[in-house]
Amino acid sequence: MTDRARSVLVMSRQRLRDSLVGAGFYVALSAGLAVAFAAVAGFTTAVDSSGFDYRQSPLYSVLGGLIAGAFGPSLLARILAQGPLAFALHVGAVPVVLYLSVSSIHRFCAERSSGALELYTYGPADAMACVLASIVKDTTLTVVGLLSLLLLCAAAGAVNNLAAPPSLLAFAAELFLGASCIYAYGLLVALCVDNGSAAISLFIGVVVIFVLALVGSHAVVIGRGVEAAAEFAAAIGWLSPLGYWAIFVSARSAADLPGIIGGVAGPLALAAALLAACHLAAKTRGVRS
Amino acid sequence: MIAGLRRAGLLAALGAAFGLQWTAADVPVHTEQLVYSITAFNGRDYSGTFARQASDVIYLLAGVDSFLAPRRTLVYFWPLTGEYRLDTDTLDIPLPGTLLVTGGGGIRRFLALRQFTFFSRRSTYELDWGVAEDEEARKVYADYHRSVDRYLRAQADFQLDRKRYEDALDELTALAAGIRRRGGDASAVERRAGALVEPSPPQAPQDYAAPPAEPQEAFVINLPPGSYHIQLRNPDGTIAEGSDKRLVVFSMRSPAATGYDVVPGDKWTRPEKSEAPGAVTYVNGSTDLYLRPYQEAEAEDLYYRRLLNNDGRGNRGLLTWVQMRQVPRATIELVVDGNRSTVTEEPFKIEQAAGSSLGYTIRPMSAGEEADAPDLVAYRVPIQPDNRMVRVTALDSTGVPLPGSEREIRVVPTRRAEGLLALIVALPLAAAVAVAALRRRRLSR
């Protein structure tokens, strides 16, 4: 094992321990599970003699109205074609991924400004080992989060007689890949910006841009803004984990193998490219702000 | 007093002015434009829409005849429905000329205006659309017109015959009554009355579910999938201003699949659809379901919605299911909680609940009702609240499963153990509390 690999292992173990000792991750996971539970409960209350009618659930009438208005009725029908579990998995993952990325950015910036990162580099670790350790910690906790969400989905399926779609595990894997890219973006931002609050703001801005691009590329609303967003989405699609997620989801529903491969290989390549960018940023900007 | 009158007059003038303004605002602005009237085949039947001047693209299905008719007319926006409309009553000038179609792998065609009509012949299930062009269109329309004329003449003859019959019957009835009043024997007259033959009404033409309309002139478009440009050339060879459009010709995705109309027994006027193969229909099990399988195919959501309505909104990144035609002579295989059975298509009558209570009863047609038209023809799938899952597969007339026809119907229980789910949600918080307690204990030692 190389020095860097050993340092990554030790540091990631330390970071994992720190995360599991604090309350933040548990609260975020509970929030994610609560959101997923609400998605399932809202669905089951809206089932009547003729099927699922989203107007019968307060949660889904708001969500359904928004989705149908912005993306058309076809998307809503596709999201819930096999039931609410895939939707619950996705919405439940959002608080976990956001918490992990924001907390990592915050910690990385704090370590950088306090000199802790510099201290690591006096030993066998370098800045890249710190980045990788942070990614390993985040992805490990993401696996924990996704497994918890899958457990909730399985229990919800058993209790409510809901179908567990065969794509649920594939969606979890794609979510994991997308989340890895998001964490890499977060660390790149943390390396480029000295101030923690500014880094978190910039990171949220980047995520919002990806969300807007995804919305713009699928919106049915006609207007200059949406047309521009669609063109922007096409231009930055290869930079966005959400873009690859959209490719993967549509390719799976159409059983389009090249699309599925693209949806899996894309975030892997993006994560690798972002880590390379992190390496460059760490080299050029140093470990001390 | 005078000041008061002045104030009142001023207010009245202001009111009148505003009133006039409001009245003017109620009339939408009409603009004269070159529009293409579009009669497009949509996979199931023909739908009409139009491309106004601001619309750059016309969407049509590949491999079938669709019709474009350029005309100069008035276009206005109708805010109540949020859509553009044509005012053809005020101005409607069909434009002559030829249509130049270019693109799509070197295609360059000049199309001439042709007469066309479309119609639907009566079939077992639904519409069976046909198109006739030029001489055939005129012949189809003339034949239909003749059959309608024949029917109207026969109807007039029937009315006369009926009148004669009723008059003769009245006369003989009065004669028989007079004879009986005088104490005579009216049996001979009654026999004559009984021998009168009641005329039967003529049958209306039955050939068409949607009869052919009077032939209209349009450019017939039937192209392979691709992107094209169209341009109207005036008879003098110049280009008609505003006639340049892009033409997107698309095809449905293959292979086709099978969708279902899902009619709940208690809300038969609100059928749901089960479109995606493998989709799950969740119900509460309070009523039986009635299924109608149909063939369907996928099309680009944006293209298809703009084929139906050129100003429509669609999702460019999604496919949508398009209902095409009902599956003929199918059977449906059911697996209810592991027990296999088949159901066939049945005619049903629907009876509204008597009294002030709302609701319907769907019942099979009884032996004496064969002459009546059924209210619903469907496959009955019995659902009980204690069923967990019903698997549905449509089989064709030879018993082979239809592609993409597998569905699940799941009954969501009304009493659910949601406490278990709440427990899972709370587990991480409990873990956080436990970890904090352990740490405190360790630190206090």
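User: In which helix is the place of A:Ala39?

Analyst: A few conventions come first. Residues are numbered from 1 along each chain as its sequence is written, while chains are lettered from A and ligands numbered from 1 in the order in which they are written. This is a predicted model, in which local features need pLDDT of at least 70 and side-chain atom pairs count only at pLDDT 80 or more, whereas totals for chains, interfaces and linings use all residues. Helices (H or I, at least four residues) and strands (E, at least two) are DSSP runs, numbered from the N terminus. A:Ala39 belongs to helix H2 (residues 24–45) of chain A.

User: Why does A:Ala39 count as buried?

Analyst: A residue is buried if 20 or more other C-beta atoms lie within 10 Å of its own, exposed if 12 or fewer, and partly exposed in between, with C-beta atoms placed from the backbone. A:Ala39 counts as buried because it has 25 C-beta neighbours inside 10 Å.

User: With which residues is A:Ala39 in contact, leaving aside its neighbours within four places in sequence?

Analyst: Two residues are in contact if their C-beta atoms, placed from the backbone, lie within 7 Å. Apart from neighbours within four places in sequence, A:Ala39 contacts A:Pro84, A:Phe87, A:Ala88 and A:Val91.

User: How is the length of a helix judged, and what span should helix H12 of chain A have?

Analyst: The expected span of a helix is 1.5 Å times one less than its number of residues. Helix H12 (residues 257–285) of chain A has 29 residues and should span 42 Å; its end C-alpha atoms are 41 Å apart, which agrees. Helix H9 (residues 196–218) of chain A, with 23 residues, reaches 33 Å from its first C-alpha to its last, close to the 33 Å expected.

User: Which residues of H12(A) are buried, and what covers them?

Analyst: An α-helix has 3.6 residues a turn, so residues three or four places apart point the same way. In H12(A), the buried residues are A:Gly263, A:Gly266, A:Pro267, A:Leu270, A:Ala271, A:Leu274, A:Cys278 and A:Ala282. Their cover includes helix H7 (127–160), helix H8 (168–192) and helix H11 (241–253) of chain A. After H12(A) comes A:Gly286, whose phi is positive, near 80°. In H9(A), the buried residues include A:Phe203, A:Val207 and A:Phe210.

User: In what order do the strands of the sheet with E3 of chain B stand?

Analyst: Two strands pair if DSSP finds at least two bridges between them. An open sheet of five strands in chain B has the order E3-E13-E12-E6-E7, with mixed pairing. Strand E3 (57–61) and strand E7 (107–112) of chain B are the edge strands, each pairing on one side only. E3(B) pairs with E13(B) in the parallel sense over five bridges, and B:Leu60 has B:Val249 in E13(B) as its bridge partner. Strand E6 (residues 98–103) of chain B pairs with E7(B) in the antiparallel sense over six bridges, and there B:Gly103 stands opposite B:Ile107. Four of the five residues of E3(B) are buried.

User: What lies across E3 and E13 of chain B, and at what angle to E3(B)?

Analyst: Axes are lines fitted to C-alpha atoms, for helices over the stretch in contact, and angles run from 0 to 180 degrees between N-to-C directions. Helix H4 (residues 301–308) of chain B lies across E3 and strand E13 (245–250) of chain B, at about 95° to E3(B).

User: How many residues does each chain give to the contact?

Analyst: Chain B gives 46 residues and chain A gives 43 residues. On the side of chain B that touches chain A, the largest share, 13 residues, comes from H5(B). That side divides into 24 nonpolar, nine polar and 13 charged residues. Here Ala, Val, Leu, Ile, Met, Phe, Trp, Tyr, Cys and Pro count as nonpolar, Asp, Glu, Lys and Arg as charged, and the others, Gly among them, as polar.

User: Where in chain B is confidence lowest, and where highest?

Analyst: pLDDT is the predictor's confidence in each residue, from 0 to 100. Chain B averages 86, and 92% of the residues score at least 70. Confidence in chain B is lowest in helix H1 (residues 2–26), at a mean of 49, and highest in E3(B), at 95. Over residues 16–24 of chain B the pLDDT is below 50, and this stretch has zero contacts in the model beyond near neighbours in sequence. Where pLDDT is low, the predicted coordinates should not be read in detail. The model scores ipTM 0.84 and pTM 0.78.
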